[in-house]
Amino acid sequence: MGAANGVILVTTKQGQSGKTTVSYSGMASFKTPTAIEPTVDAYTYRLLQNEMNANDKMAPSFDDAILEKYKNGEAGYQDFDWYDLFMKDWTVNQQHNLTVRGGSNNVRFFTSVAFNDDQGLLKSNIGWYKRTNIRNNLTAKLNDNLELQVGSSIRLDDRRQNREEFIWNYKTL
């Protein structure tokens, strides 16, 4: 891997002479929202707003009649859970890898396909990410002094996301 004068030579996985082998690995995980600040109900929020005003020697923002309507949950004065409207409680992520390698003394091959699927936490499904990686290489011994190596690598990304960083859309709710 290392060489004189700080040069590093990197080699990728290659095919092997012998029987063709196939390997698979997969992973599934669950994702839940984190770093979401706890909130108070509408009545408590308005009580705290009035207390903040009193501490600043200002008039209350909400009079007793309005506070009583919020306390009793009258029509037009109820709480609403915005997080529940927009956010999933959990989602599934998955990753799959398939590798095939093999060959003979004269020709060796290696192929790898990987897929990643992240569904995102928004109920509207406007935020998700899918990625597919495909890597191939082929080594052919043309004669005793000449070897041909051909390799390719492809990465396909399919991403849908908000214009802004995800969590900042909800910090202000």
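Biologist: How much space lies in the largest pocket?
Modeller: This is a predicted model. Rolling a probe the size of a water molecule over the atoms shows where empty space is left. For the largest pocket, that space comes to about 370 Å³.

Biologist: Which helix supplies the largest share of the lining of the largest pocket?
Modeller: The lining holds 13 residues, and Thr 39, Val 40, Asp 79, Phe 80 and Trp 82 lie nearest the centre of the pocket. At least two lining residues come from each of α1 (42-55) and α3 (82-86). The largest share, 3 residues, belongs to α1.

Biologist: Is Lys 71 buried or exposed?
Modeller: Lys 71 sits in helix α2, which covers residues 64-72. The cut-off for exposed is over 50% relative accessible area. Lys 71 has 52%, so this residue is exposed.

Biologist: In what order do the elements of the protein chain run from the N terminus?
Modeller: The secondary structure comprises 3 helices and 5 strands. Read from the N terminus, the order is β-α-α-α-β-β-β-β.

Biologist: What percentage of the residues in the protein chain is buried?
Modeller: The chain exposes about 12800 Å², with carbon and sulfur atoms supplying 54% of that area. A residue counts as buried when its relative accessible area is under 20%. Among the 173 residues of the chain, the buried part is 18%.

Key:
Residues are numbered from 1 along each chain as its sequence is written. This is a predicted model: local features need pLDDT of at least 70, side-chain atom pairs count only at pLDDT 80 or more; totals for chains, interfaces and linings use all residues. Side-chain values use heavy atoms; hydrogens and water are left out. On a 1 Å grid over the protein atoms alone, a cavity is a set of points where a 1.4 Å probe fits but cannot get out, and a pocket is an open set with protein on both sides within 12 Å along at least five of seven lines; lining residues have an atom within 4 Å of a point. Grid points are joined across faces, edges and corners, and a volume is the space filled by probe spheres set on the points. Helices (H or I, at least four residues) and strands (E, at least two) are DSSP runs, numbered from the N terminus. Buried means under 20% relative accessible area, exposed over 50%, partly exposed in between (1.4 Å probe, protein chains only). Accessible areas come from the Shrake-Rupley method with a 1.4 Å probe; for residues, only the protein chains shown count as cover.
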